[in-house]
Structure formats: structure tokens, C-alpha cells
Amino acid sequence: APRWDGSSALYAAQIAMKQLKARKIILCGAPLDSEAGHIAIPGAWGDPERYRAGVVAALPEIGDKIRSMGGWTAETLGQPTRDWLNG
């Protein structure tokens, strides 16, 4: 399968799903929000749209397997809930 081009966090999630057979994955520290900044770039981050497009493109494969703790990724993928974790 081609590499999901949504961020290093999304790529790690893809590896967890495909290679490690993880059934549920929670992204932390990957909000993809400009105001949240970037781990390696001080200040506001000017290019989240490029990475957001990768997340959107991967949605059919992600299904309900990946959730996020905050930011745009949480709005798009949903946050983990007790029911989701136990389901």
C-alpha cells in the first residue's frame, strides 16, 4: 500500500495498523493546526493544509481505527471515547 502522506504521526499509525496489526490507534501531539505550531519550527506553522490533505486521502482506509487527542485531527477523526476503546 502507498504511504499515507499526512504527517509522521499518520505514517506511524499506518505502520502500526498494517505491520503490527493494531486495531485502535490514538494520535497524540499531532493536531495539524497552524496555531499549535510544529515540533521543529518555532511559532505558528504555515503548512498544515498539505498534511491535512493526506489525512483526508487516507480516511477510507482509516475507517474507525484512528482517533486523536486534539486539534484538527480530533475534529476530523474523532476523539477516543471509552466506548470506542472497549468496542
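Is E61 buried, partly exposed or exposed? Select E61 in this predicted model: with a relative accessible area of 36%, E61 is partly exposed, because the partly exposed class lies between the buried limit of under 20% and the exposed limit of over 50%.

**Stop 1: E61 and K18**

E61 belongs to helix α2 and K18 to helix α1, so the pair ties together parts that are 43 residues apart in sequence. K18 has 31% relative accessibility and therefore counts as partly exposed.

**Stop 2: W4 and its contacts**

Next select W4. Leaving aside neighbours within four places in sequence, W4 is in contact with both partners of the previous stop, K18 and E61.

**Stop 3: the largest nonpolar core**

W4 is also one of the 16 residues of the largest nonpolar core. To display the members that touch the most other members, select W4, L10, I25, L27, I62 and I66. The elements giving two or more residues to this core are α1 (8-18), β1 (25-27), α2 (48-62) and α3 (71-77). Colour α1 separately: this helix supplies the largest share of the core, four residues.

**Stop 4: S7, before α1**

Go to S7, in the segment before α1. Its side chain reaches the backbone nitrogen of L10 at 3.1 Å. If residues up to four places away in sequence are not counted, S7 touches L32 and Y51. Is S7 buried or exposed? At 12% relative accessibility, S7 counts as buried, because the limit for that class is under 20%.

**Stop 5: R3 and D5**

Now select R3 and D5. They form another of the four salt bridges in the structure, with 3.4 Å between the closest N and O atoms. R3 counts as partly exposed at 44% relative accessibility. D5 counts as partly exposed as well, at 42%.

**Stop 6: D64 and R67**

A further salt bridge is found by selecting D64 and R67, where the closest N and O atoms are 2.6 Å apart. Check the accessibility of each partner. D64 is partly exposed, with a relative accessible area of 46%. R67 stands at 13% and so counts as buried.

**Stop 7**

Move to M69, in the loop between β2 (66-68) and α3. Its relative accessibility is 46%, so M69 counts as partly exposed.

**Stop 8**

Finish at T81. Where does T81 sit? It is placed in the loop between α3 and α4 (82-86). T81 has 39% relative accessibility and therefore counts as partly exposed. Select S68 too and draw a C-alpha to C-alpha distance: T81 and S68 are 10 Å apart in space and 13 residues apart in sequence.

Key
Residues numbered from 1 in each chain as written. Predicted model: local features only at pLDDT ≥ 70, side-chain atom pairs only at ≥ 80, totals over all residues. Heavy atoms only, no water. Buried < 20%, exposed > 50% of the residue type's maximum accessible area, 1.4 Å probe, protein only. Polar contact = N/O pair within 3.5 Å; in protein donor to acceptor, adjacent residues only side chain to side chain. Contact = heavy atoms within 4.5 Å. Core = buried A, V, L, I, M, F, W, Y, C linked by side-chain atoms within 4.5 Å. Salt bridge = Lys/Arg side-chain N within 4 Å of Asp/Glu carboxyl O.
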